[in-house]
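Me: Hi! I have a model open and would like to go through it with you, one question at a time. Could you take a look?

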Amino acid sequence: MRPPPRSLLTSLALGTIVAATACKPDEAPLPATGPAGEAAPEAITNKALPDEGPLPTLRTGMKEPERLAAVEAQLLAHVSDGAHYYELGLPSTVEPGDDLVRVHIAGAAHAVAAIDRSAGELSVLVRMPSSAGPVTSLEGTAFIAHNGDQGRTWQALPFTAKGPAKASGAAELPRRWANAFGAGLRGDDRPWWMRGPSHPWREFAAGRVQAIIAGLGTGAGPAVAFDPGARPRRTELSELMHTTTAATSMQEALQHDRGLRLAFETGPANVPITELEPPGLVAHPFKEMLAALPNPTGGTPEPLAKATPAEFWYVRFDDIRVMLRVIDEADTWITPVAHIMEERAEVRALSERYQRQLGLRRTGLAKALGHTVIERVAVMGSDPYLRDGSDLTVVFALRNQTVFDSELRSHMDHHRGQIPGIVESTLTHGAHTITVHRDPTGSVRQHRALVDDLAVVSNSEVAIKAVLDAIDGKRRRLADDEDLVYMLARDPGEHDGFVFLGDRFIAQVVGPRQKVLAARRQQALAELLTPGYTALLYGWLEGKAPADTEAIIAAGLLDRSELRHADGATIAFEPGGPARSTWGDPGALVPLLDLPEPTMVTEAERNAYNGFARGYQEYWRQFMDPIAIRLDLEDGKGDTATATIDVRVLPLIAGSDYGEMEEIVGTERIDVPDIDDGLQMVWAVGADSNLRRELDRAANMLSGKANIGLGWLGDWVMLGTLDRRALLDMLVEVDDDIQLPAPKPEDSRTRDLELAQRVGKLPVYVAAHVRNPAALVATLTAIRATVNEVGPGMVTWGESSRYRDYAIVRVGVDPKAPGEFSAYAEAIALYYVQAGDALVLALDTKVLEALIDRVVDGGGPKRGIEGGPQFVMEARLAKERAGWTAVAWALQGQANRTQGAARSTAEILLRGDPSITTPAQLIARGQDYLGAYPVSASGHADFTLTPHGASDPVHGSEIAPAFPTLPVEQSPIAALMDRLTGMRATVAFDREAVKLDPPARSLHTRVQVHMGKAKE
């Protein structure tokens, strides 16, 4: 498993390659040639956008389920066994292909209904706590996922079930209910198209209920009757070594095991950790590489790197106002948009957590006057686990210590007003006095020290001591490391912000200490979550929150032994608050750096780590790669700005995965002028590209003709779309995630034709550089002959018009084609032209004309120079234009698609604690019990519980979705669309100056984000 910084950059590069391989025009019709054009006519592209009239609007409103006629159900069975269990027989109203998904029992919020399919027929099983007393009738609604001519819809089937209930088979009801309840929690009873990501609590609750209920019918009370040996654990220790990026999925497996009370035993710790074998990665020849640079001493120094331990990551800002602006932008739209786009749409409030731990705040005074007090600031840490809990240290280079101290005192006074029990103490480290402010829960854990003009603030005692030692020169400093010196000299210059992850940091992340501790901490987190999970399960089963921990234990949901970790540490817990221990709490675990140093490990841990190390080494082969990121903010008119993020990962070695990527794109470079209309992607296709050879070979084999291939293809390929309303017309036609679904024509042929008409108007285009016009003509002739052989009389192929004296060729269905194909003749066609040295293809002639203007008048790509990009992507957005609106709609549609998991988490909390009535209470309970809280597609936690499940006032529920006007006001997507006006990203694989065998290369990515005026 690669560390996260590397995986992030690799994903970007792989995405670039995937885009390139997916967009080659090897199947596109090829053009006739045309002469060079004269001067361009008036504006079409890169000028004023055309006025296309009012844009289409979305259908808004709520989609209520179809209400079926009420039916009479039969109360088949009832048994009292620690609770009341009922079986209902619904009439056979579920049609083939439909699925009964949810049952709500009216007037009994504490009734838990489950759908039993074990006998091959549908039965509804209901559990009610003993306090409810027996009943002779039940009313409710069954919700059915219906597949019909109009697609997937919901139906609501009201029912009344009356007794008397029969007694035959009643003894099996608890077991049957437990199994059906567990299947429902995991989503096993849902159709495949409705199954989203599970949640660790659901895995836990399913296993715990099945384990406990299996013993209820024996008179054994709450004892567990499951044989742990009969059910294999889902978790393996080797998988926990890979939790740098997969902690949530591993928690699902851990909670499955804890729900069934399967012990996670790893054996005695009798193996010295020194026997664990780290990946065998060698050091870079940085001295040799530095000497080969044009100016080895030309790097801009990083003064605060002298205060940074060599194995820490490092972020520096020259002006604290820039840092605060970055954090503000992140909190306003970057982080919230990321949250609602995530598979689980959960918030961990990291910014608030770390500010509170450090005893810092973003105040108006800091934003206005911070630069007069602070010269520069650096943030650093020893691991990448910021979500779970990490050490974070801030070093301020001061201009005015008096004002700084006064401001920090005011910050701490603010925290004292919100968090009780903050105590001040001091400790000594060498010649330094460290002032500590800490509350009993660890919410505030500020450690402060002053060294000359440097103020150090940390949430970790071990981290601040390491930083002080670095300042004193008592341990290796980042400034002394050759990888940083090289990266600074490799790309010299001053920048507003600088981020560096060095070899020593990456080696530490994949080293034995961090991997072993991270795995142990994940197991400890599973143990910390257990009390809160059982409190929520108690609420589901009893219809109320537990009064205290003893109530949960008495119900058999929590064993007293589960209030201790496997290592014997006590877990303190009372319902309504988080479980806490020496490992931290679910919302903020103790940083790995502050945990006791592991000197001994188990045999299982050694084997698991060694397996991880072998896999890691095989993936990355030889070198670890330092990463340097440079950030610059340039203010424009008003409140506009451009952020430039420049990333270099070094080195790429032939034979590694990076080297394979370079073989795909070759070594060709491109120069791409800016655009101001739509989206465009351009990538170089070098003559030495393996991809070119493979596509050529594939084209020859598929056609059986040697003259069909890419011998004509030149230096670049381009794919894009213009900013035209046809984009919205297509979204309105096909995307039901963003709008109230409309009735669809019953005739599928009519639907297909309408879709073809929409596609035929899309403003998309493909273009490619033509190196060999003669080969292009030969390929054209061969392809046209092949088409006529395969479908004689089906396709017309010829000149349709001229623009600037270039022949535009149309390829489309012949109006005289037999059968229903002729209907598509006017719906969709492909147009192409060779304009100068570019082949351009589009679905619309107006788009083709705009691209002719672009490439002929100097706006097209050209061959670049060494050091230039190999891939360029650019997007320009004009507010409330078609492209801007399409992006807003598409983002909202993606946010809507993540809501299954968010609503599932909200239901866990709302049913688990019926006392929750406000978003603030839901947020608090989520952070206490789950370590995070869910947010709606509008970025809020204002969920309520309805018969349909969890719902929010803007987007409704799964069964009764609502479709608002977009973008939703004050939502993260609205904030994003208010700010984002354009983006340009470039990627290149650069050769390093040093002569090595094999040659060394680096991955260079540059992203420019254009931001409009912020909303007041």
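This is a predicted model: local features need pLDDT of at least 70, side-chain atom pairs count only at pLDDT 80 or more; totals for chains, interfaces and linings use all residues.

Me: Thanks for joining me. In which strand is Thr 986 found?
Reply: Residues are numbered from 1 along each chain as its sequence is written, and side-chain values use heavy atoms, with hydrogens and water left out. Helices (H or I, at least four residues) and strands (E, at least two) are DSSP runs, numbered from the N terminus. On that basis, the strand that holds Thr 986 covers residues 980–991 and is S39.

Me: Is Thr 986 buried or exposed?
Reply: Buried means under 20% relative accessible area, exposed over 50%, and partly exposed in between (1.4 Å probe, protein chains only). Leaving aside neighbours within four places in sequence, Thr 986 is in contact (heavy atoms within 4.5 Å) with Pro 869, Phe 871, Val 872, His 1004, Thr 1005 and Arg 1006. Because its relative accessibility is 16%, Thr 986 counts as buried.

Me: How far apart in space are Thr 986 and Val 1007, C-alpha to C-alpha?
Reply: In sequence, 21 residues separate Thr 986 and Val 1007. In space, their C-alpha to C-alpha distance is 6.5 Å.

Me: Which residues have the most contacts inside the largest nonpolar core?
Reply: A nonpolar core is a set of buried Ala, Val, Leu, Ile, Met, Phe, Trp, Tyr and Cys residues joined through side-chain atoms within 4.5 Å. The largest one has 157 residues, and its largest share, 14 residues, comes from helix H14 (residues 512–542). Another core, of 36 residues, lies apart from it, and among its members are Val 395 and Met 487. Inside the largest core, the residues with the most contacts are Trp 177, Phe 181, Trp 201 and Phe 396.

Me: Which Arg does Phe 396 touch, not counting residues up to four places away in sequence?
Reply: The residues touched by Phe 396 include Ile 320, Leu 360, Phe 404 and Val 457. Among them there is also an Arg, and that residue is Arg 376.

Me: Where in the chain is Asp 318, which meets Arg 376 in a salt bridge?
Reply: A salt bridge is a side-chain nitrogen of Lys or Arg within 4 Å of a carboxyl oxygen of Asp or Glu, and the N to O distance for Arg 376 and Asp 318 is 3.5 Å. The pair links distant parts of the chain, 58 residues apart, with Arg 376 in strand S13 (residues 374–381). Asp 318 is partly exposed, with a relative accessible area of 33%. Its place is the loop between strand S11 (313–317) and helix H7 (320–341).

Me: What is the distance between the closest N and O atoms in the salt bridge of Glu 375 with Arg 376?
Reply: Glu 375 is partly exposed, at a relative accessible area of 29%. Its salt bridge with Arg 376 brings the closest N and O atoms to 3.7 Å.

Me: Is Asp 319 buried or exposed?
Reply: The side chains of Asp 319 and Arg 321 meet in a salt bridge at 2.7 Å, N to O. Arg 321 counts as partly exposed because its relative accessibility is 34%. Asp 319 has 19% relative accessibility, so this residue counts as buried.

Me: Why is strand S30 largely enclosed by the rest of the structure?
Reply: Strand S30 covers residues 806–813. Eight bridges join strand S29 (residues 795–803) to S30 in the antiparallel sense, and four join S30 to strand S31 (residues 829–835), also antiparallel; two strands pair if DSSP finds at least two bridges between them. S30 is largely enclosed because, of its eight residues, the number buried is seven.

Me: Which residue in the turn between S29 and S30 has a positive phi?
Reply: S29 and S30 form a hairpin with two residues between them. Within the pairing, Gly 798 has Arg 810 in S30 as its bridge partner. The turn residue with a positive phi, of about 50°, is Arg 804.

Me: How many residues of helix H24 are buried?
Reply: Helix H24 (residues 899–912) reaches 19 Å from its first C-alpha to its last, close to the expected 20 Å, a span given by 1.5 Å times one less than the number of residues. The helix is mostly covered: of its 14 residues, the buried ones number 13.
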